[in-house]
Every structure is written in C-alpha cells, then in structure tokens.
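Dear colleague,

Please find below the structure that I am handing over to you. My findings follow directly after it, arranged by topic.

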Amino acid sequence: MLVAGDSEVYGIALLTLKVAVVATIISCAVGLPLGYFLATRRFWGRRAALTVVNTALAFPTVVVGLLLYGLLSRRGPLGSLGWLYTWQAIVVGDVLLALPIAAALSAAAIQGVDARIRRTAQTLGAGGLRTAWTVSREARFALAAVITAAFGQVVAEVGAAMIVGGNIRGSTRTLTTAVALYTSQGDFGLALALGLILLIMALFVNVALQVLQGRGHA
Amino acid sequence: MLELRGVRHRYDGRLVLDLDQFIVPRGALLAVVGHNGAGKSTLLRLLALLETPTEGQVLFSGALVPKRARAALRRRVTLVEQRPILFRGTVRQNLEYGLELRGTARTAMNGIIGDLVERLGLASLLNRRRHELSDGEVQRVAVGRALALRPDVLLLDEPLSSADRAAATALYQTLAAERAARPFAICVASHQLEEAYRWADSIRALAEGRLSPVTPENLFRVALPAGEGVKHAHIGGGAIDVAVMTDRVGPAVLAVAPSDIFVSLQPLTTSARNVFSGRITGMSIERRGAGVHVRADMGGVELVAAVTAEAARDLALAPGKTVFFSFKATAVQVF
C-alpha cells in the first residue's frame, strides 16, 4: 500500500506534516523568545511563571483537547471562528501543548549558557536582540533539541487532535488519529503502515536538524 | 565621567556594595584593590551599566543615566571580566564583534584590528577558536576586543589573574601606548597591590563592599573574639596575633595604615602592643609623596610599613634584612 502510493494515505501524511510544521513554527516562534525572557530577566513573579510553564509540560493532551473543544464549539467563546473539526483547530491544540515545551526547555537551555556571554555581548555594545542572538548561538545545540522536542510532541499528539479535529476522513484525519482508528477497527496492517510513516517523518526531521547543527563548530 | 552616588547594592537581600560616592574621573588611571569578595567585580559591573544598583544613582558625564539610555552608554564603557569568555567563532570574529555592532566599515575595521593585533601580538591567533587558546591568550584577545571599541572608560577585572609577569608588563605597556594616543579612563580591580601601586594614579580600597579610608595594604579578614577592650586577632591563619582595641565581635576586616608602623632594627621598648620581626621581602618607592614602602614577611604574613626615603637610607633597609615593625593596638582600624 505504501509503495503503491495510496492517495488517501498520502493525504493523511501531508496533513500531518502540515499541521506539525505550522504548529512547531508557531510554538517555537512564541516559545523560544518566551524561554529567553524567562531565563534572562529578573521580574516579580518570574519563579511562579517558570513553575506554570514547567507544570504545563505535563498537561494531559485530552484535557487540552477538551478545553479547546469548549472554546471552539459553536456556543463557545471562539465558536464564531468555525474552526472546530478543521485542521486549524488541531494546530491550535498542538501549539498549546508544544508551547510549554518550547518555553520551558529553551529557558533551561539559555540558563545553561555561561552568564558571561550575555554580559560580554552587552558590554561590547549589543542591544537586546543582538544579545539574545549571541546567547542563543551559544546554546544552539540545546535549542535545536528544543525544536525537535516540540516537533516530536506535535507529530505524535493524538488526544487533542482526535477531540477538536474529529478524525474526519479526507479533512482532519492525521497519522496518529488514523492509527488509533484503524487499530480499533482491527486493521493492524494499515495501522502499522501509517505508524511507519510517522516514524520515518520523525527520523527525517531529526536527521535534518542534526545536519543543520553539524555545520560550524564551537 | 562615571559616578556612583549613594549606591547600596544587594544580591538576594545581602548587601554587597555600600558606597556613598565612587567616581571614575575622565582619563583617570584608577585601581580598586581589595580581597576576593570585597565587591570589586560588582562595582565594575555597576560602572559598566550591566547591573542597576538596588539603591542609588549612576551618573555619566554628570547626568543621571536613564534606563533607556543604558544600552547606548554601554557603548562608551567596556568591561573585561576577570575570566573573560570569547564568543563562538574565531579570534578575528571576536575582535570584530563590537565594531560590527557599531556599523564600522570593513576597511576601517581591518585597520583597527590590524593595529591591535600587532600591538597585542595576536597575529598567530586570528583564525583560532576559543578552545584552542590558553587562558592568557583569551585574556589578551578579550582586552583587544574591548580596546578595538575605543571606549571612554575601560574596566578591567583582575587583568593579571591569568597572566604571567611578562604578559602583565606587556598589557600595561599596551594600555599606556593606547592612552598616549587617545586619552581614556581605565579602572582596574586587583588584589595585587604592588601592581596597582606601580601604575595607577589613584587607588581606592574596598573591604566588605565599602570604601576603606586607609591605603589598601595590611588589610586582614579576621574573626574577633568576644569581650571588650584589647583583643588578640589571629591573622594569616594564626601565624601572628594582632592586638586590637575594639568592642566588635565576629567577622571583621582589620586595617593598619603603613604610615602607622614604626620600623626599627632592634625591638623598641614602647607602648606599642604589636611588635613583629621578620625579613624585608621588598621595597618600593611610593609614587604619591616621597615615601618608601617596606614589605616584610612576619612569620608568613606580609606587613607593609611606610617610611621616608631618608629613614630608609639611615637604617640601610634592604631586602633580606631583619627588621622590627611596631604599631599600637589603637592604630588597628576595624571595618
């Protein structure tokens, strides 16, 4: 089936990739700066903020799905968007789940950078953005791992995708929800094939990030 | 040029710096001396505008530094840390870092760096990366990286901690040459008094975060026993006992001004409670005034006494000679 190039399977794989990439980009675009901010700024309530982010790491995906369902359902506060059972809803759910990962792990990565790097950048005249860039460059391996982890969370996520996406054939069926469905239907062969695609996807992203990291040394 | 006024700085509630006023005048050669943990690094970080004092004001050219202007003013004050760190990349990229930020043109940049490389002897290091350098080389690159920016104030934190004597001399020669070409202020934090005395125009002593009113020689961290009146404090790990008049108990810093110490060749019969004998280890001409600093090893503890050049001649003081140092218990200041 994989070799034959079943169009439905490719559709599912493409949707999964689209959702995962968009959700990873959004969660990292917000999460990495947030992590930097939490790691470097001293402000009132910082410790509490870090605790919240770290707790959110362990947020059950079905709970996020449930809450999001409430928000997006027709009578919910965001019901007018009409996003329930669309791929956008899955992205929102995935972003909510990946954001704490991006923020908490990047905060830890940035905290691991020698404090002298930041001071040195500043004393040499770097502004806020350039300082952040300089510090992040020192933590690039750890930050690449953060992106990988965020992608891993998003691509493997099933609970929220099932609830807010609805696992609708040809529209919001992702690899994980499809695997869950086919397994419950007893179609182990198909489920296994889809699982394999998922693995290959994860492997591909990891290899790509490693290749990127490999360029340039300390 | 740079001034701290009424500054109290705390880390986690602990007072680490308490200065009514600290000024780095324009073009000054200033040394801040004191023990490790006296607050020197913190002081330099405040002067470098890298930290905001918990209380008090920072002034630049007589005007308060507003929070928004700090990043801009930082471009005129540059700090080289005690153990400097280089960024990822080559030595050349490190030297170019601050110049690039300032939008310096490539040709001008090459000129500045070529010049520095020659004076600091960095030519062979240009394409190396930080893990390929020794501590001393990192230090030189860090100084070069700061000098490339032509700051109005250069702050150096223990620049000699990872340098040998030849490197130290080279560093000060480079700084002197740089200052001859373009006046700027240098403020160095050091625990090596001799170095500070050798080249600084003016010296400030820090002890426990406060400016110490005496010259920085003969500062000792002690634990004072309970009781009142004259007490004996162990210094140098119990090598010698110093009699001191104080009601203070517990950790304190003792200071004896070199000018309060009598130097004699025989033990004197006087009221002085503190008399120590030992060999002279070094003598140096004090730049301010015509005095001579005589340092002697008193059983493992170095004490410094100031005498006039005339007295040094009359007593024929010379390294290796055994001398007696005497001072009164009331001459010992407690901080």
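**Chain A**

Among contacts in chain A between residues at least 6 apart in sequence, 73% join residues at least 24 apart. Please note that this is a predicted model. Chain A holds 10 helices and zero strands, and its pattern along the sequence reads α-α-α-α-α-α-α-α-α-α. Its C-alpha atoms fill a box of roughly 60 × 45 × 25 Å along the principal axes. Chain A has 218 residues, of which 39% count as buried.

As regards confidence, chain A has an average pLDDT of 89, and 95% of its residues score at least 70. Within chain A, helix α5 (residues 115–123) has the highest confidence, at 95, whereas helix α10 (residues 188–214) has the lowest, at a mean of 86.

**Contact between the chains**

The contact involves 16 residues of chain A and 19 residues of chain B. On the side of chain B that touches chain A, the elements giving two or more residues are α2 (70–74), β6 (77–80) and α3 (91–101) of chain B. Of these, α3(B) gives the most, with three residues. By class, this side of chain B comprises nine nonpolar, seven charged and three polar residues.

**The nonpolar core**

Which residues touch the most other members of the largest nonpolar core? They are A:Ala102, B:Leu47, B:Val153, B:Leu155, B:Cys187 and B:Leu254, in a core of 137 residues. Helix α4 (residues 87–111) of chain A gives the most to this core, with 17 residues. At least three residues also come from each of domain 1 (2–212) and domain 2 (219–334) of chain B. As a general point, nonpolar side chains tend to be buried together in soluble globular proteins.

Leaving aside its neighbours within four places in sequence, B:Leu254 is in contact with B:Phe220, B:Val222, B:Ala233, B:Val242, B:Val244, B:Val332 and B:Val334.

**Domains of chain B**

Chain B is divided into domain 1 (2–212) and domain 2 (219–334). The C-alpha centres of these two domains lie 33 Å apart. Seven residues from domain 1 of chain B and five residues from domain 2 of chain B take part in the contact. On the side of domain 1 that touches domain 2, α7 (193–199) and β9 (202–207) of chain B are the elements that give two or more residues. The residues on that side of domain 1 divide into three nonpolar, two polar and two charged.

**Strands of chain B**

An open sheet of four strands in chain B has the order β2-β1-β4-β5, with antiparallel pairing. Its edge strands are β2 (14–24) and β5 of chain B, each of which pairs on one side only. Two bridges join β4(B) to β5(B), and B:Leu59 stands opposite B:Leu64 in β5(B).

A further antiparallel pair in chain B consists of strand β12 (residues 230–235) and strand β13 (residues 240–245), joined by six bridges. B:His232 has B:Ala243 in β13(B) as its bridge partner. The hairpin of β12(B) and β13(B) has four residues between the strands, and B:Gly236 takes a positive phi near 60 degrees there.

Two residues of chain B deserve a separate remark. B:Leu49 is not a glycine, yet it has a positive phi of about 60 degrees. B:Leu49 lies in the loop between α1 (40–47) and β4 (55–60) of chain B. Is B:Leu49 buried or exposed? B:Leu49 counts as buried because it has 23 C-beta neighbours inside 10 Å, and the cut-off for a buried residue is 20 or more.

B:Ser61 is likewise not a glycine and has a positive phi of about 50 degrees. B:Ser61 is found in the loop between β4 and β5 (63–64) of chain B. With 12 other C-beta atoms within 10 Å, B:Ser61 is exposed, since a residue with 12 or fewer is counted as such.

Yours sincerely

Note on methods: Residues numbered from 1 in each chain as written. Chains lettered and ligands numbered in written order. Predicted model: local features only at pLDDT ≥ 70, side-chain atom pairs only at ≥ 80, totals over all residues. Pairing = 2+ DSSP bridges. Core = buried A, V, L, I, M, F, W, Y, C linked by C-beta atoms within 7 Å. Domains from an automatic or database assignment. Contact = placed C-beta atoms within 7 Å. Nonpolar A, V, L, I, M, F, W, Y, C, P; charged D, E, K, R; others polar. pLDDT = per-residue confidence, 0-100.
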